[in-house]
Amino acid sequence: MNQTIYLDNAATTKTDPRVVEAMLPYFTEHYGNPSSVYEFSTPCKQAIGAVRETIAKSLGAKPGEIYFTAGGTESDNWAIKATAEAYASKGKHIITSKIEHHAVLHTCEYLEKRGFEVTYVDVDENGIVKVDELKRAIRPDTILISVMFANNEIGTIEPIKEIGQIAKDNGILFHTDAVQAYGHLPIHVDEYHIDMLSSSAHKLNGPKGIGFLYIRTGLKTRSFIHGGAQERKRRGGTENVPGIVGYGKAVELAMASMEEREEKERGLRDYLIGRVMAEVPFVRLNGHRSQRLSNNANFAFQFIEGESLLIMLDGSGICGSSGSACTSGSLDPSHVLLAIGLPHEIAHGSLRLTVSPDNTREEMDLVVDRIKEIVKKLRDMSPLYEDFMRNQ
Ligand code: PLP
């Protein structure tokens, strides 16, 4: 078996050993239920409070505006469904974009079946939401705009400040799915006029199964998980104390090293992109060239199937993705690549590689060399490529 070269950090990241170390005592030593009254549970309560403060500070929010959830999907569901329910008497129209994660898109589809109307705004060829179209979509009954901070497939960073301002000017709530952005980009909820924000720890070297939803004070929102009085009666269920502690540590580390990490990632990513674009014919870089997450490279290779490329890369120990992890395994091309205008046959040939600061330039070289070999092999077997070359 080859050594693994992990280039799928948008799907999930390695839990930092310092995060694991911070979590361990909350399994074996401080294992009390934070809701219990005895002293034994006090460290658990205190730890949760401290993490709430760390996260709030990182966003310019108040600790009481942070609600722990089981991850990005739950936070997106909560933000959208609870807003829809709480504001239904004002209106039943929601605006989102065509390139959101399925946690947002499928939640919107669920609401459409229950009497809500949703406008899915287009993006341009780089994946930037068409702000004029979004403005034109606003109606007197629009209650929510939900646009992601940065896209998980092509890495494009959206004009969140501008969209937040538009929402604010029109008295509409603004939710952003910041699962790929939080911990990677500086975010301030007031500066960006964000009313609700979703995040997930496993995208920033924290543990899986823990996330938060930021909810601005004063918003009408409903309990999402009914049960006990946890999370100010809005999200029942015994808190995931080790997860919360791990999240806090991951946030601390991410905030302290953001610039340095981004710089290292950008160096590796640009080197990878540079070599692929220069050395592989008939390839396109998907996503915005500069308004882009520092770890993301997304290519479309003409005349090949991304799935075949992925499987052959896997054979060499290289982990990538052809679209989001949630859609790989399905033969439908990615909705994001179709939304940026790629024809089906080109969207099928896509490969997402997302680096981390743990990767090296030597790994990038190995990966590019392997991509070149595989792409050539697959094209040599492709009747489409043969036809194309014959007609050249
Ligand atoms: N939103 C975005 C943009 C994502 O990339 C993901 C995960 O890939 C999610 C939501 C879902 O997050 P989680 O895996 O924590 O449920």
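## The cores

The largest nonpolar core in this predicted model has 66 residues, and those with the most contacts inside it are Ile55, Leu59, Ile145, Tyr182, Ile194 and Phe212. A nonpolar core here is a set of buried Ala, Val, Leu, Ile, Met, Phe, Trp, Tyr and Cys residues joined through side-chain atoms within 4.5 Å. Buried means under 20% relative accessible area, exposed means over 50%, and partly exposed is in between (1.4 Å probe, protein chains only). Helix H9 gives the most to this core, with 8 residues. Helices (H or I, at least four residues) and strands (E, at least two) are DSSP runs, numbered from the N terminus. There's also a second, separate core of 27 residues, which includes Leu7, Leu268, Leu351 and Leu353.

Back to Tyr182: leaving out residues up to four places away in sequence, Tyr182 touches Ile55, Ser58, Leu59, Ile187, Ser199, Leu204, Phe212, Tyr247, Val251 and Met255. Contact means heavy atoms within 4.5 Å.

## Ground rules

Residues are numbered from 1 along each chain as its sequence is written, and side-chain values use heavy atoms, with hydrogens and water left out. As this is a predicted model, local features need pLDDT of at least 70 and side-chain atom pairs count only at pLDDT 80 or more, while totals for chains, interfaces and linings use all residues.

Which residues of helix H7 (residues 160-169) are buried? They are Ile160, Ile163, Gly164, Ile166 and Ala167. They cover an arc of only 160° around the axis, so they sit on the same side of H7. That arc is taken from the directions from the helix axis to the C-beta atoms.

The cover over the buried residues of H7 includes helix H6 (131-137), strand E5 (142-146) and strand E6 (173-177). Over on the other side of H7, Lys168 and Asp169 are exposed. Just after H7 comes Gly171, with a positive phi of about 65°.

## Salt bridges

Side chains of opposite charge can pair when their charged atoms come close. The structure holds 22 salt bridges, each one a side-chain nitrogen of Lys or Arg within 4 Å of a carboxyl oxygen of Asp or Glu. One of them joins Glu231 and Arg232 at 3.8 Å, N to O. Glu231 counts as buried because its relative accessibility is 5%, whereas Arg232 is partly exposed at 36%.

In helix H14 (residues 383-390), Glu386 and Arg390 are 4 residues apart, so about one helical turn separates them. They form a salt bridge whose closest N and O atoms are 3.0 Å apart. Glu386 is partly exposed at 47%, and Arg390 is exposed at 56%.

## Loops worth a look

Asn295 sits in the loop between strand E9 (283-285) and strand E10 (296-301). Is Asn295 buried or exposed? Its relative accessible area is 6%, so Asn295 is buried. Not counting residues up to four places away in sequence, Asn295 touches Asn9, Glu265, Arg269, Leu353, Thr354 and Val355.

Two other loop residues have a positive phi without being glycine. For Asn205, phi is about 65°; Asn205 lies in the loop between strand E7 (196-200) and strand E8 (211-215) and is partly exposed at 25%. For Phe282, phi is near 55°; Phe282 is found in the loop between H9 and E9 and is partly exposed at 30%.

## Out on the surface

Tyr31, Val37, Tyr38 and Phe40 make up a nonpolar surface patch with about 490 Å² of accessible area together. Patches are made of residues with over 30% relative accessible area and no salt bridge, with like charges joined within 9 Å and nonpolar side chains (Val, Leu, Ile, Met, Phe, Trp, Tyr) within 5 Å. Areas come from the Shrake-Rupley method with a 1.4 Å probe; for residues, only the protein chains shown count as cover. Val37, in the loop between helix H2 (25-28) and helix H3 (42-59), is exposed at 81% relative accessibility.

Glu259 belongs to helix H9 (residues 241-279) and is exposed, with a relative accessible area of 71%.
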